[in-house]
Amino acid sequence: MAEHIAMLELEQASQIFTLPPDMVTNEQRLAAQELILNFRKTRMPYAVCQYILENSKSDYTLFQAATTIKEAIIRDWALMNPESVEGLRSFLLRYITNHITLQSFVREQILQTVAVILKRATLDKKGKSCDTLFDDVTVLISSGNITMQLVACSMLTSLLNEYSYTSRTSSVGLTWEFHIKCKRAFELSDLKRVFMFSLKVLNEIESQPSPLSREATAFLNRILCIAEQVLSWEFTLPGAKLHSHAFNTNPNASLRPPESWRDVLLEKSTLSLFFRIHQKARFNSEMAHHSMQCLVQLACLNGAIFKLPAHTDDSNSILKTSFEILIRLYFSHIFPRIDLQDYENFGVACIFKNLVLMFPVHDFNLLDVTLFKSFIETLTSLTCKIGQSAAQEESLHKDDTIYMESYEKLLESWMSLLRNVESLPPGSLCASATQVFNSYLQCHLAAPDGIRNAVNDNDEEIDDTEEDDRYKFSDQLCCIGSLGRLVPEHSLPLLSKILEDRVGQMRSQLQSLQQRRDLVSSHEATMDMSALHALQEDLHWIVLVAGNLLADSSEGETPTIPSNVMKFSIEQAKTVDIPLTMKMLASPADKLDPSLEHKVDSVIRLISAIFGLCEVGNRAMSAKLTEFLSPQVDSTLMWFLERWSDAYMLHDEMDYTEVPLKKLVLQLYSHRDMWGSGNWLIALALLSPIGRCMVKNLSARFVDYMFFFLVCLLRANYLSQSEVLWNLARLESNHQPPVSSLAPEARRQFMKAMVLAGCGIKDSSQEEQYWKLLLHSNHDRFQHLAESAQFKEGKEVARQQFLYLLESLIGIATATQHSIAKEMFQFMGPMMEHVVKAIDLHHNYEDVITTSFELFSQVVAKMLPYLNTADSQMLYQLCLSAIQMFAKHNLGNKISFCYPDDEQETKFKDIILIMEMLSNLMSKDILDFNKEEQEKDKNSIDGPTVVIYGLELIVPLMSTEMLKFPVLCSCYFRLISYMSDLHSERFCQLPENLFNTIMASVEHGFNSCGTDVSRMLFETILSIATHSFQNPQSAQHLQGTLAHFLKVVFRMLVLENFDLALQEIGSTTLFSLICCNQDLYRDLVNELIQSQPDEYKQRLLVAFTQLTPPALNMHIARNSKVTFRANFDVFLNSVRGFLCVR
């Protein structure tokens, strides 16, 4: 009777809880929810839950009954005897088999409950093993009833999910250690049985005639899912550490089974079976995905399964078998009779990648020569074919990018081969490299040379928010460039010829457009630009490929000429005619006689074609044809010049003494007489980008690329004597075009480049003259503007002129080096006083405030470490004055915001820049390169004083909501971290309210910020703890704060999940806090030990004793911290398994 009443109450609550909002009040829903939650907390609820399962007709009530059993069985496990456990498990399995029409969500929950029972019984053997479940599965499969067969599949899936140790594992409050032990036990006893079972069923289905019935198709799909899950299983490695991502599924897990799986997975019939199954499934997209994934996982088989005794040769059999099956798939069934289905391409590409990645390249030499040749030819053919489809897919802007993703996987295979090409027979990849290189060019060129779809060639607008092609396709271009370097004798002349042809067409097109524009009024007719746009798209991709062929990305490395290019240049040296090569470079518009092509260096010929494109652009500007130039081509061209010059022009001549290519490049700057009018190359390289900057509304990426290149040119020492450089300085001094007409976004970069060039001038008299030309006109114009009535009255024209001049000053500050820091500050200081006044006058204009503080930040960062005491004092005072002016108009203001996004964060740019300036102010405490020693005036100020004043301004403006903005959050905590580290005494003596507010934000940061910010927070606490330990008398007021953070850090590192990247700094911080509060630490340890079950208390006590043994010196010193860090690593591996639960 009690069971029936409980069922009725639960059914009523379930009905109310699932009703739509308009049919039930909030109070009724909350009451129903409370009843359901209370029911799930019932002690020993098994009898009532069984009654509900047998008698209730409500699906949601059945679901809640199954959930209650699953939660209670873990909670009451110690109270139940083996017979009760086995009886409950048998009841649930019998219930499933007797009620095959259950709703799927109810059935899955009951099966998950059975899996939890089996898993909970894994270690203590309370109840039977999985044998009974496998018997039930066998009976259900043999029944021939499709519904019962699918129920059997659900049983196996639930079992795999529960033991998988991933996000599919039930969260039932068991320790990590328990989960991992169960997973290991399942891998040893039952996982292989599941796989063997799936193989048996797959063999039976494969023997059925095609096409399969509807029922057989559904059954096959479920069995393939099970096989895929087993083959994607991430096997537990011996000694694996527990970490915070333990329950996350690894989508790239390779198949690394133990040796016991060798008899199954190295059996040729296994791979053959999955191949035959895929033949049945390949025209059903859902099944084909699962069958292909099985083949993909088998292709990445690796690990102990191949570690056979030294006297056997069978370790190569799986490699040969895999290749044989793949070649049979391609040549017998797909090529040339059948095309791959769209959804098969990605899987096949992954198979190639896995085979090349998992097996060392030198193992390919073990294959039969014919087999290896077939493998490479198939890879080549597939790459070219899918590459064409990917290019068409990209041109149509399809949402589904399956071809592009497949193509990138295939290119990854090529990169793996190219990285170890020396392990392969010489020349074995050359023919394929040529085909793939040619195919890529064809896909990105318009007809007749290429096959690019012309549908979007008219779309010439560049959106700066859209990812640039050089980034979007960087991996593709890198691979194509590497393939081209493998066959430079083919790729370099081909690119040169195509580029020369396109540059000639561009020249003709512009001349034709100029003539037509002169004849036809724009009001009367419009000109067809489709041919020009197609040509510009060709140029864009040719230059991208050329840049990746001639040079590698040099981020973080010293840029060098690629070895293949150097080797090819050496081989060409015997036939190269240098005068002819330089004549061709001097006259890029002249067509090279085909009979003389072999006498011209191929690299210089390609570079000459690039400069020819620059010259076409310059002539178009002179003819006022700028509107016909492509911003995209300009950006790509500037990117190429920057990349090329970085590798080919900025190295010492001795770096390539044996390389003819370098000698040839150097001659480009020495044989001026060959042109008769100065250094043509430098003039072209410098004036081309500067002239482009006169254009309004330039693409931001064009400006970036252009001035990267300009900086590279001007960094080269042999360019400091160039007459072109001095002409630019004179133009700047006289404020004449084109430099006076630079767009605002280009002004800063131009001055940066010019200052860097000045740093390379060695002659002191020339250097003085150069700085006079470059700086004095800027100083005079700034002074005149700052003192003008228009500026003081806040006129818009004067404000824009002021911002324009600020861009120049920021460029100068950014480029300042130690050798000119003093002179630059003497130039900059007087003008910064006017900037402080501008912050006051124009406080309502955000652009003036942000640009002004950006200038201050750059001056402090680039100049302060090199200034003497007097100049440092002046800069400190200027910074303090600027902050005071800002505070004058902003202190007490509330900052409004909506949601944390990039656009919203720009509104905090002024605060971010102030924090960056304050952080940079402390750089002199780290790096002080000024050797002059002067006594400090008692009334002088220092960096920490300015920083503290800034903190008093900024901290009240901060809020927990503002810390959601990543850049703002990072700048704020970096400032706090620097201050606490470099000036811990001053930091710890901050006003109480200010200090407490900062520490509250630190605690909030631990809960809401990422790894990098958390590291800063640990460093802040570490600095405070160290100061307190070393100065116990003056730091008494810190004890409460340190005690609180000991609890916070102890809980975080011992009881919670945290990023293991923080383990070193976190454990060091914990040790420092323990040294400051040893009694509290002991209390925390004892409290934790007492809260644990009896089975873990002794283990935890031993682990804590080993963490802080009596021999450990509890003193904040390097040796003690190193010892504690090592102990903490051992401690985590010992206790984390049972302290962390899921």
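**Exercise 1. State how many salt bridges the structure holds, and characterise the one between Glu-86 and Arg-89.**

Solution. In this predicted model, the structure holds 29 salt bridges. In the pair Glu-86 and Arg-89, the closest N and O atoms are 2.6 Å apart. Both residues belong to helix 5 (residues 82-98); because they are three residues apart there, about one helical turn separates them.

**Exercise 2. Determine which parts of the chain the salt bridge between Asp-942 and Arg-986 ties together.**

Solution. First, the contact: the closest N and O atoms of Asp-942 and Arg-986 are 3.6 Å apart. Next, the location: Asp-942 lies in the loop between helix 40 (909-921) and helix 41 (943-954), and Arg-986 in helix 43 (residues 984-988), so the pair ties together parts 44 residues apart in sequence.

**Exercise 3. Classify Asp-1079 and Arg-1082 by exposure, and describe their salt bridge.**

Solution. The closest N and O atoms of this pair are 2.3 Å apart. Both residues lie in helix 48 (residues 1078-1090), three residues apart, or about one turn of the helix. With a relative accessible area of 53%, Asp-1079 is exposed, because the cut-off for exposed is over 50%. Arg-1082, at 44% relative accessibility, counts as partly exposed.

**Exercise 4. Identify the helix that contributes the largest share of the negative surface patch.**

Solution. The patch gathers Asp-342, Asp-399, Asp-400, Glu-405, Glu-408, Glu-412 and Asp-475. Helix 18 (residues 402-419) gives the largest share, three residues. Glu-408 lies in helix 18 and, at 32% relative accessibility, counts as partly exposed.

Notes: Residues are numbered from 1 along each chain as its sequence is written. This is a predicted model: local features need pLDDT of at least 70, side-chain atom pairs count only at pLDDT 80 or more; totals for chains, interfaces and linings use all residues. Side-chain values use heavy atoms; hydrogens and water are left out. Patches are made of residues with over 30% relative accessible area and no salt bridge: like charges are joined within 9 Å, nonpolar side chains (Val, Leu, Ile, Met, Phe, Trp, Tyr) within 5 Å. Accessible areas come from the Shrake-Rupley method with a 1.4 Å probe; for residues, only the protein chains shown count as cover. A salt bridge is a side-chain nitrogen of Lys or Arg within 4 Å of a carboxyl oxygen of Asp or Glu. Lys and Arg count as positive and Asp and Glu as negative; His and the chain ends are not counted. The place of a charge is taken as NZ of Lys, CZ of Arg, CG of Asp or CD of Glu. Helices (H or I, at least four residues) and strands (E, at least two) are DSSP runs, numbered from the N terminus. Buried means under 20% relative accessible area, exposed over 50%, partly exposed in between (1.4 Å probe, protein chains only).
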